[in-house]
Amino acid sequence: RKRGRVELRRIEDRTSRQVRFSKRRSGLFKKAFELSVLCDAEVALVVFSPAGRLYEFVSSDTRYTVYPYVYY
C-alpha cells in the first residue's frame, strides 16, 4: 500500500492536532538521534509545543555550545 502525500494545512481538530504533533515530534527526535549516532554529528534540536512547552534533544556536549545562544 502506497502512502499519499500529506496536505500541509492546519489541523482544525485540537485533539487530532495534538496527537499529530506528538507523533511528529517523536519521529523528529528519533531522526536527530540517528543522525548523531550514524554520522558522529553534534545535533541539537529544540521544539516548542503549541502550549509553549519546551522539548529538546542534545547529543554529547553540544548543550554547552548551544545554551549560551538560547534566550528565554
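The following conversation walks through a predicted model of a protein.

Me: How many helices and strands are there in the protein?
Reply: The protein has two helices and two strands. Read along the sequence, they follow the pattern α-β-β-α.

Me: And how confident is the prediction, as a mean pLDDT?
Reply: The model is predicted, and its mean pLDDT is 85. A pLDDT of 70 or more is reached by 82% of the residues.

Me: Where is confidence lowest, and where is it highest?
Reply: Confidence is lowest in helix H2, residues 62-66, where the mean is 58. Confidence is highest in helix H1, with a mean of 95.

Me: What share of the residues count as buried?
Reply: Of the 72 residues of the protein, 17% count as buried.

Me: Let us turn to the rings. How many aromatic pairs are there?
Reply: The count comes to two aromatic pairs. One of them joins Phe21 and Tyr55 in a tilted arrangement, with 6.3 Å from centre to centre and 55° between the planes.

Me: Which elements does that pair link?
Reply: Phe21 belongs to helix H1 and Tyr55 to strand E2, which spans residues 54-58. The two residues are 34 residues apart, and the pair links distant parts of the chain.

Me: Phe21 first: buried or exposed?
Reply: Phe21 is buried, because its relative accessible area is 17%, and buried means under 20%.

Me: And why does Tyr55 count as it does?
Reply: Tyr55 has a relative accessible area of 22%, so this residue is partly exposed.

Me: What about Phe33 and Phe57? How are those rings arranged?
Reply: Phe33 and Phe57 form an edge-to-face pair, with 6.5 Å between the centres and 90° between the planes. Phe33 lies in helix H1 and Phe57 in strand E2, so this pair ties together parts that are 24 residues apart in sequence.

Me: Is Phe57 buried or exposed?
Reply: Phe57 counts as buried, at 16% relative accessibility.

Me: New topic: the surface. Which residues make the nonpolar patch?
Reply: Phe33, Val37 and Leu38 make a nonpolar surface patch of about 350 Å².

Me: Where does Leu38 lie?
Reply: Leu38 lies in helix H1. This residue counts as exposed, because its relative accessibility is 71% and exposed means over 50%.

Me: Now charges. How many salt bridges are there?
Reply: The count comes to three salt bridges. Among them is the one in which the side chains of Arg9 and Glu7 meet, at 3.3 Å from N to O. Arg9 is exposed, and Glu7 is exposed as well.

Me: Which side chain does Arg10 meet?
Reply: Arg10 meets Glu12 in a salt bridge, at 3.5 Å from N to O. Both of these residues are exposed.

Me: And what does Lys31 meet?
Reply: The side chain of Lys31 meets that of Glu34 in a salt bridge, at 3.8 Å from N to O. Both residues lie in helix H1, three residues apart, which is about one turn of the helix.

Me: Lys31, then: buried or exposed?
Reply: Lys31 counts as exposed, at 56% relative accessibility. Glu34 counts as partly exposed, at 27%.

Me: One more about helix H1. What is the position of Arg17 relative to Pro50?
Reply: Arg17 is placed in helix H1 and counts as partly exposed, at 24% relative accessibility. Arg17 and Pro50 are 33 residues apart in sequence, with their C-alpha atoms 9.7 Å apart in space.

Me: Finally, where does Glu42 lie?
Reply: Glu42 lies in the loop between helix H1, residues 14-38, and strand E1, residues 44-48. Glu42 is exposed, with a relative accessible area of 57%.

Me: How far is Glu42 from Ser59?
Reply: Their C-alpha atoms are separated by 5.7 Å, while the two residues are 17 residues apart along the chain.

Methods:
Residues numbered from 1 in each chain as written. Predicted model: local features only at pLDDT ≥ 70, side-chain atom pairs only at ≥ 80, totals over all residues. Heavy atoms only, no water. Helix = DSSP H or I, 4+ residues; strand = E, 2+ residues; numbered from the N terminus. Buried < 20%, exposed > 50% of the residue type's maximum accessible area, 1.4 Å probe, protein only. pLDDT = per-residue confidence, 0-100. Patch = residues over 30% accessible without salt bridge, like charges linked within 9 Å, V, L, I, M, F, W, Y side chains within 5 Å. Areas by Shrake-Rupley, 256 points an atom, 1.4 Å probe, with all protein chains shown as cover. Salt bridge = Lys/Arg side-chain N within 4 Å of Asp/Glu carboxyl O. Phe/Tyr/Trp six-rings, centres within 6.5 Å; stacked < 30°, edge-to-face > 60°.
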